[in-house]
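Here are my notes for you, written as numbered points. Keep the picture open while you read, and find each residue as it comes up.

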Amino acid sequence: MKNPLNYGPLLLIAFALTSGPSQAEEQVDLIYSTAAGEELKLDLGVPDGPGPFPVCILVHGGGFGAGDKRGMIKPLAAPLQQAGYAWISINYRLAPAHKYPASVEDLETAIRWVKTHAAAYRFDPTRIVLIGSSAGGYLVNKVGTQNRKDTRVAAVVNFYGAADQVARFDETGGNPSQSFVNYFGVSEDTPATRKFLAEASPVTYVRPGLPPFLLLHGDADKRVPYEQSVVFQARLREAGVPVELITIKDGKHGMAAWSRNGSDFTERMIRWMNQTLAR
């Protein structure tokens, strides 16, 4: 007589279909690529539940030559996860050892990694949001405006990142900061320099059909002028791209100070993402 508890392969299949991972999880230092002999790592967090969840790619600042993926996690990871978003925070190659466009290419690689590993981590590959601050804001602006087929995303959130590198160069009176020189590799005002910086500028790529953009910028920012976001917003609007600019009154460079001053920018960002991804 057969054992009545021996249901064989059908039971195994049913178990596999109903017992997939659904608990909240966090992982650190996963290698998403190797470039120029350097291991590129990310941290990630996934909410509780079966998903698939919209996923935010967090890109830290640091003048292209410093910073780390843990910096972006501190102010944003917990609110995002509580709101039902998965997140990954990436490291990328830094200047001066790695100049433009190395970090742009690394962000593109991270997007491809998210899409390739979506099922394993309960990500929704159709609802990817790029979130970057300062130098990271520039990187998400650049990749978002390029809008290539394999790295296309659903939305872009830029915290005080530059959009026009020619204007940034002009602001210095032809004497750019060392971090600018280290990353872009240019210092002299020549036609070749201006052509190169225009190619590196997100505003150059603005056209209809781009993903929606949310820009957050303090109007007292002395490091990346507030005007960068004002002009970028105008250019996006002219092209018919959905865009919103959240101005932090008397806000300086850095969201940590915004939080200390009681700004509700995180809640406003999440509200904007909820509305944008629901369209």
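1. Start with Asp-124, whose side chain makes a polar contact of 2.7 Å with the side chain of Arg-127. Do remember that this is a predicted model, so treat every distance here as a value computed from it. The side chain of Asp-124 also has a polar contact with that of Thr-126, again given as 2.7 Å.

2. Where does Asp-124 sit? You'll find it in strand 5, which covers residues 123-133. Buried or exposed? Asp-124 has a relative accessible area of 11%, and since buried means under 20%, it counts as buried.

3. Which residues does Asp-124 touch once we skip its neighbours within four places in sequence? They are Pro-52, Phe-53, Pro-54 and Val-55.

4. Now jump to Gln-81, which belongs to helix 2, residues 69-82. Its relative accessibility is 17%. The cut-off for buried is under 20%, so Gln-81 counts as buried too.

5. Let's zoom out. The protein has eleven helices and eight strands. Among contacts with a separation of 6 or more, 74% are between residues 24 or more positions apart.

6. How does the overall size fit a compact globule? For 279 residues, such a globule would have a radius of gyration near 19 Å, and the protein has 21 Å, which agrees. Along the principal axes, the C-alpha atoms fill a box of roughly 90 × 40 × 35 Å.

7. What about the surface? Of the 279 residues, 49% count as buried. The protein exposes about 13200 Å², with carbon and sulfur atoms supplying 53% of that area.

8. Last, the charges. There are 29 positive and 27 negative side chains. The centres of these two sets lie 3 Å apart.

Note on methods:
Residues are numbered from 1 along each chain as its sequence is written. This is a predicted model: local features need pLDDT of at least 70, side-chain atom pairs count only at pLDDT 80 or more; totals for chains, interfaces and linings use all residues. Side-chain values use heavy atoms; hydrogens and water are left out. Helices (H or I, at least four residues) and strands (E, at least two) are DSSP runs, numbered from the N terminus. The radius of gyration is taken over C-alpha atoms; the globule rule is 2.2 Å times the number of residues to the power 0.38. Buried means under 20% relative accessible area, exposed over 50%, partly exposed in between (1.4 Å probe, protein chains only). Contact means heavy atoms within 4.5 Å. Accessible areas come from the Shrake-Rupley method with a 1.4 Å probe; for residues, only the protein chains shown count as cover. Lys and Arg count as positive and Asp and Glu as negative; His and the chain ends are not counted. The place of a charge is taken as NZ of Lys, CZ of Arg, CG of Asp or CD of Glu. A polar contact is a pair of N or O atoms within 3.5 Å; within protein, one must be able to donate a hydrogen and the other to accept it, and residues adjacent in sequence count only if both atoms are side-chain atoms.
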